[in-house]
Amino acid sequence: MKSLLLCAMMGICCFAQDLKLPDPLITGEGRKVSAEEWKASHRQRTLELFRSHIYGHNPVERPEELNFKLVEIDTNAIEGKATLKRVEISYGGPNGTGGFMLSVFIPNQVKRPMPAFLLICNRAYDNIDHTRKEKSPFWPVELAIERGYAMAAFHNSELDPDKHDEFKNGVHGIFDPKNQPRSNDAWGTIAAWAWGASRVMDYFETDHDIDHTHVAVVGHSRGGKTALWCGAQDERFALSISNNSGCTGAALARNKRGESVARINKVFPHWFCENYKHYNDREGDLPVDQHQLISLMAPRLVYVASASEDDWADPQGEFLACVHAGPVYELLGVRGLGSGEFPKIDSPLQTGHIGYHLRRGKHDLVEYDWERFMDFADRHWLGNSP
Ligand code: GTR
């Protein structure tokens, strides 16, 4: 890490050239795809590889039984600056019913509908305190309101508990086919949380205060892996933001420092599908790598944030995944990251459709990160550059 910091300070690129990454634009038969082929079939083929080998297949997308209930509204929240809505999103499947709570703050006194940030919260509830008695930098609502964005959050555990329960609880228990052995490519817990974010988008499509064409899905660490998987599958999200997501998030699996595929599958056996375990200590055999996950966002916006002391997540691998997703963006006629040079600490790269920053400090989601996410949205959605 010392050498990485040194290189970052010097602004030079110091990465191994022999990554042997799968080319996102080459078919199994070794042919390069055109932009039309990418859109018509190759994107879908790539997505299927991620489903079959890593995150698993969802048994259902929008369920037939899906309800939104406004349980609380406060038009005078945050000293009159915002309207708070608390919405219960509930659903039913073959084996029962479930639901989760969504909190949304919408700025008052500005033209609606508003663009929004949606946080998938994987930390303690007080980080997303809708009463605002607790004000955590993990979800800085006041900042978002000040900058003209709606700010929403839900808690991942309400979709599926973050523990290995043989997929009996949460949405797995509700939607998995009854009395059938679980297949090796069935959805894991990360996919279940991502499914929840898509149900929030279903709700946003019905809320006239929210501009559902300008919604960012945001997550930190395991939540960041989830935000990327959500954005890859659900093209309604205009921006997907990964904060310190690391292994099986934004960081390349090949040559990864810190957490490995074997380690993540051992400690978190419920996060991914069973097939992923075949790649323990065999990352080179994976049919895809994480730059291709980022490329599935193209030409939409994606943002990857790293922290300089977060060796476990591997900032270098996160940056390289952004670089190597670039050719897909360029094929589709927009700029990717726009730089192959590892940036200095606290010097964000934001001019392309892929954004990246390396924040000074440790594994966390803090106001600096949110400020940069909002700068990126301002630039691309409002045409304002800082
Ligand atoms: C770690 C895990 C990482 C990351 C992190 C977090 O224990 O190894 O992959 O997800 O937890 O979510 O904070």
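**Ground rules.** I'm working from a predicted model, where local features need pLDDT of at least 70, side-chain atom pairs need 80 or more, and totals for chains, interfaces and linings use all residues. Numbering runs from 1 along each chain as its sequence is written, and side-chain values use heavy atoms, with hydrogens and water left out.

**Ligand shell.** I looked up what surrounds the ligand and got Ser221, Arg222, Lys225, Glu259, Ile264, Phe268, Trp271, Trp312 and His363. I sorted the shell by class and found 4 nonpolar, 2 polar and 3 charged residues. Here Ala, Val, Leu, Ile, Met, Phe, Trp, Tyr, Cys and Pro count as nonpolar, Asp, Glu, Lys and Arg as charged, and the others, Gly among them, as polar.

**Polar contacts.** Next I checked for N or O atom pairs within 3.5 Å. Glu259 puts a side-chain N or O atom 2.5 Å from a ligand oxygen. Ser221 has a polar side-chain atom 2.9 Å from an oxygen of the ligand, and Trp312 also has one at 2.9 Å from a ligand oxygen. The ligand on its own exposes 320 Å², and the protein buries 81% of that; the areas are Shrake-Rupley with a 1.4 Å probe.

**Aromatics.** A search of the whole structure gave me 25 aromatic pairs, meaning Phe, Tyr or Trp (six-membered) rings with centres within 6.5 Å. I noted Tyr55 with Phe272: edge-to-face, 5.8 Å between centres and 65° between planes. Edge-to-face means planes over 60 degrees apart; under 30 is stacked and the rest tilted. This pair links distant parts of the chain, 217 residues apart, with Tyr55 in helix α2 (35-55) and Phe272 in the loop between α8 (261-267) and α9 (290-295). Helices (H or I, at least four residues) and strands (E, at least two) are DSSP runs, numbered from the N terminus.

**Backbone.** Most peptide bonds are trans, and most residues other than glycine have a negative phi. I found a cis bond from Arg112 to Pro113, with Pro113 in the loop between β3 (96-107) and β4 (114-121). Ala298 and Pro299 are also joined by a cis bond, omega about 0°. Glu166 has a positive phi, near 60°, and lies in the loop between β5 (150-155) and α5 (170-175).

How values were computed:
Near = heavy atom within 4 Å. Polar contact = N/O pair within 3.5 Å; in protein donor to acceptor, adjacent residues only side chain to side chain.
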